[in-house]
Amino acid sequence: MSKPDGGLRPIAVGNVWRRIAAKVAVRYVSLHAANLLAPRQLGFGVKGGAEAITHAGRHFSSCMGEGEVLVKLDFKNAFNSLHRDAILESTATHFPELLPFVTSSYGYSSDLYYDANIIISDEGVQQGDPLGPLLFCITINDVLHSLMSPFVAGYLDDITLGGVLRQYLMTLIVYNTVLVY
């Protein structure tokens with residue numbers, strides 16, 4: 001698929017049977033996942049999550065005191081930045097019933113073919129995988145819940161933080177380090 005900037009977005013999960021199995025798995029755990037992730041992550045399993053974050057952010061910003069900020073972060077290539085061992089560990093912790101399926105999809109590197117090129121996929125979740133948003137959210141869940149800012153709201157990889165500027169900067173440094181390295 002074409003990206004707005006002219007690049008290409010590889011759709012890596014093309015096998016129809018894998019996609020159907022992933023959609024069934026997502027439906028099976030969606031209610032439990034939404035309860036696990038909320039209130040800090042509203043990007044998976046929460047109807048109207050984006051709107052709720054928008055309204056909460058507006059309310060927070062209208063009540064901010066001096067020295068407080070509200071910042072929206074959108075991490076570039078975030079879904080591909082997660083280590084697969086962290087994805088598997090989060091799956092084992094929160095949804096062990098999905099671990100065999102997730103391991104078969106992400107336990108090993110896979111080859112992606114584009115024309116005559118072969119791209120090795122060995123980090124993050126694959127573009128187009130119906131499990132991708134769930135796996136991303138449960139993998140960063142502990143990080144979101146550990147943040148000490150008074151306002152923390154995630155919609156998948158879009159994170160909004162609010163609070164005292166100094167505290168916010170420290171949170172950003174810790175969050176970026178955990179996600180990328």
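A residue is taken as buried when its relative accessible area is under 20%, and by this criterion buried residues make up 39% of the 181 residues in the chain of this predicted model. The secondary structure amounts to 7 helices and 5 strands, which follow one another along the sequence in the pattern α-α-β-α-α-α-β-β-α-β-β-α. Of the contacts between residues at least 6 apart in sequence, 68% join residues that are at least 24 apart.

Among the helix contacts, that of helix 4 (residues 84-94) with helix 5 (residues 99-106) was examined, and the two helices were found to pack at an angle of about 170°, with their axes 9 Å apart. Because angles over 145 degrees count as roughly antiparallel, helix 4 is described as roughly antiparallel to helix 5. Helix 4 contributes Arg84, Ile87, Leu88, Thr91 and Ala92 to the contact, whereas helix 5 contributes Leu99, Val102, Thr103 and Tyr106. Sorted by class, the residues in the contact of helix 4 with helix 5 comprise 6 nonpolar, 2 polar and 1 charged.

The loop between helix 1 and helix 2 contains Pro39, which is joined to Ala38 by a cis peptide bond with an omega of about 10°. Gln41 is found in the loop between helix 1 (16-37) and helix 2 (49-62) as well, and the relative accessible area of Gln41 is 0%, so this residue is classed as buried. With residues up to four places away in sequence left out of the count, Gln41 touches Cys137, Ile140, Leu144, Gly154, Tyr155 and Leu156.

Leu156 is itself placed in a loop, namely the one between strand 4 (151-155) and strand 5 (158-164). The relative accessibility of Leu156 is 18%, and this residue therefore counts as buried, given that the cut-off lies at 20%. The backbone of Leu156 has a positive phi of about 55°, although this residue is not a glycine. Most residues other than glycine have a negative phi, and most peptide bonds are trans. Against that background, the positive phi of Leu156 and the cis peptide bond between Ala38 and Pro39 are noted here as backbone features of the model.

How values were computed:
Residues numbered from 1 in each chain as written. Predicted model: local features only at pLDDT ≥ 70, side-chain atom pairs only at ≥ 80, totals over all residues. Heavy atoms only, no water. Helix = DSSP H or I, 4+ residues; strand = E, 2+ residues; numbered from the N terminus. Buried < 20%, exposed > 50% of the residue type's maximum accessible area, 1.4 Å probe, protein only. Contact = heavy atoms within 4.5 Å. Axes fitted to C-alpha atoms, helices over the stretch in contact; angles between N-to-C directions. Parallel < 35°, antiparallel > 145°, perpendicular 65-115°, else oblique. Nonpolar A, V, L, I, M, F, W, Y, C, P; charged D, E, K, R; others polar.
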